[in-house]
Amino acid sequence: MPSPAAEHAQEKAPTDGVAARARGLTKAYGQGETTVLALDAVDVDIARGRFTAVMGPSGSGKSTLMHCLAGLDTVSAGQVWLGDTEITGLRDRELTRLRRDRIGFMFQSFNLIPTLTALENITLPMDIAGRKPDPAWLDQVVDTLGLRDRLGHRPAQLSGGQQQRVACARALLSRPELVFADEPTGNLDSRAGLEVLGFLREAVDDLGQTVVMVTHDPGAAAHSDLVLFLADGRIVDEMEQPTAAAVLERMRLFTGRAPRTAETDADVRRVAETAGED
Amino acid sequence: MLKATLRSFLAHKGRLALSALAVVLSVAFVAGSLIFSDTVSRTFDRLFASTAADVTVAPEDDLRSQLPSGAVATVPASLAAQVARVDGVASAHADVSVENVTVVDSRRRSVGPTTGPPTIARDWEVTGRSPVELTSGHAPHGPDQALVDADTADRKHVRIGDTLTVLAQPGSFRVQVVGIATFTTTNPGAALVYLDSAVAGEKLLGSAERATSISADAAPGVSDTELKRRIGAAIGTGDYALKTADERAASATEQLGTFLDVIKYVMLGFAGIAVLVGVFLIVNTFSMLIAQRTRELGLLRALGADRRQVRRSVLTEATLLGVAGSTLGLAVGIALAVGLIRLMGVFGMNLRATELVVRWPTPVTAYVVGIGVTFVAAYLPARRAAAVSPMAALQDAETSGAGRPLRTRAVAGGIVGAAGAAALAGCVASSRTASAASLLGLGVFLTLIATVIAGPLLVRPVIRVLGAAFPALFGSVGRMSQRNALRNPRRTGATAAALMVGLALVGGMSVASASMSKSFDRQIDRTLGADFVVQNANFMPFPQEITDKVRATDGVGLVVRQRFAPVAVRLPDGTRVKTSAAGYDPQIDEVAHITYTAGDSAAALAAGGMGMDAGFARDHGVRAGSVVPVEFPGGRTARLRVGALTDQEQAEGFGPQGGLFLGLATVEKYIPGGQDSALYVNAAAGTGADALRAGLERTLAPYPQVQARDQADYKKLVHDQIAVLLYLVYALLGLAIVIAVLGVVNTLALSVVERTREIGLLRAIGLARRQLRRMIRLESVVIAVFGAVLGLTLGLVWGVCTQQVLALQGMTALAIPWGTIVAVVIGSAVVGVAAALLPALRASRMNVLAAIAHE
């Protein structure tokens, strides 16, 4: 019963260098006694050309970590680099340009601009930048994601899975240094979810992209090369070549003290299903 | 449920603020106009009631006219003695009061008001009723002393000891100011000059034996009505009009009323625009709030609230908005009324703002308008809210209403639009002014309604075209802004409608006024043959000495006088038409080009002859050669032979009804002592126009009220007068734009809130703040320009139809002010940019993460 990641373990891309790096990354909300530390002096390296999953229970700071790495959020202390660029301390205009040109995004839901067609959504960041997409690359991305006959459709005319594939295409089109995916399968049924995870996997393996995915779904995390476990704002563990069962097991350790939640119950069920399919 | 409603109202108060502003504006204009006219009426009622004598005997004035002859109707001064002898009369006095004077100071500047109220010269008679009292100096004695009123003295810097020249009908004379009289009541704005009673008749009327009226006071115990009856019995009522104090006040108020009515209707016009435009704003706001709260409403329904409760909840919110808006509006209305009263002070009418009259109908009307408008505007959105299903609470409901078919609108708009178009076509085809005008009104109304209904249907095609260049020009930012504007056609339509209404009015009026200007220009070119026309600034007749001096001016060749006579003609078809006839000197052909269909100038101006408009003659069964009885003031009747018929189709709109004209000698015969209204002057042989102008200006220098104008001056004068109409239009436009801007701001602000997540996403994937602002700005511009294009198109159609109606009045030229139209379109784009400022700023300040996470 090999996990998806295990299948890919042999053809893993060489990790030449670091796509993003954080040192002493701290994010605090509130002031004085009510201060809540979402991230507590996190040091992390995101390896180039790999598929990294960030896992953790609700409130562990996994989304905050992604937002800070992606230049969407400001940090309270510490430093963040994207490639060689230190992004902590950049002003809004520079951050915006950085996100536009060097980072790709996928969100859990509401990924697309409803008034634009699929194609227009895909090319949107490049259009905003005033650049023309490389037609051959565009074709490749579109074909890889199977969107050829959906390009003229508006988001409302697409299924949830198709919408996420369009978002994926958009994230890949400018060949960003880093693709951030925030719970990209959270709103999808398991089949569509698997499809999207497959594409992210392909993006790393075949297109040489770097992907960071935030998820609380062990089944999804199992598609990655490396899982970082977050709890209470710290990276508490990591796992190479994860499998769903191992990830779920590890998660239980961190949430063991906390009462079981509906979320973890759902995880268990989903892992069971995933395992059954595999 | 009420608690939930209140909570919701308070929670959304920011979003309701702009709607409230629209309510405030409409209520303020309604309340302001009511308070203003009530205040003015009350003030003048008091003035007239307190100053009128118990019974006044005046000449019978059946033939009052817009174009006075300059002759003052009088009664014999001796009538006072006759009245005094009537049993029950305590005292009687022969009054002399004329308005056909100009008073100039030693620097030849007029001391009279320049804005409409008259200059009045009268005898100084101190009674308990006098509206003025002597506050400095002494009463006038003898022929060369006078008093002036304090307001005039103040405004024109006249001091005791100054010398004034009074240009009166019998001749001008100089007086020294010996005292200042101050109004004890409201000064209606006139300039007053008081002369000694002993000399007033001679100086002002040319005869000490004449008076303009007799005032009689009753002895104790005799009622005014009884006194009037007795005096009437004693002197006969045939030649005299007798009025009690009450009747006099009533008729004075009535005359003032027409002026006040104009202000009132203008204000109500503003209120109407504000209400109309406000309705769109309120409908839009509530629609959007409900769309945003779909899930909340669904939850309420799921928890057991029935449709009626949901609807009532929304309507309660609307009512609260209406109450708040009306209350504020009432307050603003009072301020507006105070402002107007101050403004009237600038124009010389010294009303006291402290005597502000707020009668009970004012607040009642204010609240009825404010609450009614809000309630009606919120009714449809409320019904839509009630239609939200409980399932909506569970679904991720996108903005409702966007995708619903517009079929009903298409049908309704089509039917109303077709009816409107038919009415307009009918008005163009119609050949009678009255029916054409009413068809025009109907057509304008129906097409406006149709455009408002069908507006959302036009959003797609029109904005596709308007925004077609956006993607090319602004890339995906342009594309998104164009599509955002197309997103919810109802909303875009309703938002643009506010601007559309105002601009349609402006478009129509500016076409009409440009056409009028052009027609007048043509008319002046065609008919005015004189080198110069000498005329009073306010077109009133001027003293005889001006005519004499113009005649004596070097370089003046021919002078043709024009003098008006108020007349009534009895026509063969049995009607009696009261109008004015113009009298001319026989050489009229030298100074004017008249087209005759029968007869000629000589026949029309001959003794016992007259000229008439051919169309008027045809309508009333008059033929060339018919003899028509003509009544002149004072009961004299002449039988005049219609010697000539003129083709005045081009000119009908310019002069009094019927286009009657006759020899000046005939006018002089029946109304002796009249004054000339205009002099048509040609240069003598060998004198150039410039030399003649210089000569005339020298001659007219002592008479600041009279000017010599050539064709170009004349055109400018006409244009200036039409411009006054345009200023009103522009003021309306201004108001419509202010509210329309509020509407666009409102829509954009709510849209920005609605699209929070989308904006967050755009920012996340790299849309710069600047680009985001541009996106919202472009959306705003395209909505505003859409409104402008729709409005101006409608306005052009109205304008062309209006011109067709005016053509029946002789204004055959059609002019379309393309410059204005282009300026309005550009202006509306600027309006769009301005409206987008705040919403764009707000959107660009949004926190990216909070926006993405926004529910």
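In the predicted model, strand β9(A) is mostly covered, six of its six residues being buried, where buried stands for under 20% relative accessible area, exposed for over 50% and partly exposed for what lies in between (1.4 Å probe, protein chains only). Leu226(A), Leu228(A) and Leu230(A) point one way from this strand, whereas Val227(A), Phe229(A) and Ala231(A) point the other way, and all are buried. Helices (H or I, at least four residues) and strands (E, at least two) are DSSP runs numbered from the N terminus. Residues are numbered from 1 along each chain as its sequence is written, chains are lettered from A and ligands numbered from 1 in the order in which they are written. Local features of the model need pLDDT of at least 70 and side-chain atom pairs count only at pLDDT 80 or more, while totals for chains, interfaces and linings use all residues, and side-chain values use heavy atoms, with hydrogens and water left out.

Strand β9(A) belongs to an open, mixed sheet of six strands in chain A, arranged in the order β6-β7-β8-β3-β9-β10, in which two strands are taken to pair if DSSP finds at least two bridges between them. The edge strands, β6 (103-106) and β10 (234-240) of chain A, each pair on one side only, and neighbouring strands are turned by 20° against each other on average, direction ignored. With β3(A), strand β9(A) pairs in the parallel sense over four bridges, and Ala53(A) has Val227(A) as its bridge partner in β9(A). With β10(A), strand β9 (residues 226-231) of chain A pairs in the antiparallel sense over six bridges; in β10(A), the bridge partner of Val227(A) is Met239(A) and that of Phe229(A) is Asp237(A). The two strands β9(A) and β10(A) form a hairpin with two residues between them, and Asp232(A) in the turn has a positive phi of about 50°.

Two helices of chain A were examined against this sheet, with contact defined as heavy atoms within 4.5 Å and angles, from 0 to 180 degrees, taken between N-to-C directions of axes fitted to C-alpha atoms, for helices over the stretch in contact. Helix α2 (residues 62-69) packs on the sheet and touches β3 (51-55), β7 (178-182), β8 (211-215) and β9 of chain A, its direction making about 150° with that of β7(A). Helix α3 (residues 92-102) of chain A lies across β6 and β7 of that chain and runs at about 80° to β6(A).

Over all chains, the structure holds 39 salt bridges, a salt bridge being a side-chain nitrogen of Lys or Arg within 4 Å of a carboxyl oxygen of Asp or Glu. Glu120(A) forms one with Arg479(B), the closest N and O atoms being 3.4 Å apart, and this pair crosses between chains, from helix α4 (residues 118-129) of chain A to helix α13 (residues 470-487) of chain B. Glu120(A) also forms a salt bridge with Arg483(B), at 2.5 Å between the closest N and O atoms, again crossing between helix α13 of chain B and helix α4 of chain A. Glu120(A) counts as buried because its relative accessibility is 14%, and Arg483(B) is likewise buried, with a relative accessible area of 16%. Together with Asp127(A), the residues Glu120(A), Arg479(B) and Arg483(B) are linked in a network of salt bridges.

Within chain B, the side chains of Asp525(B) and Lys715(B) meet in a salt bridge (2.8 Å, N to O). Asp525(B) lies in helix α14 (residues 489-527) and Lys715(B) in helix α20 (residues 711-754) of chain B, so the pair ties together parts that are 190 residues apart in sequence.
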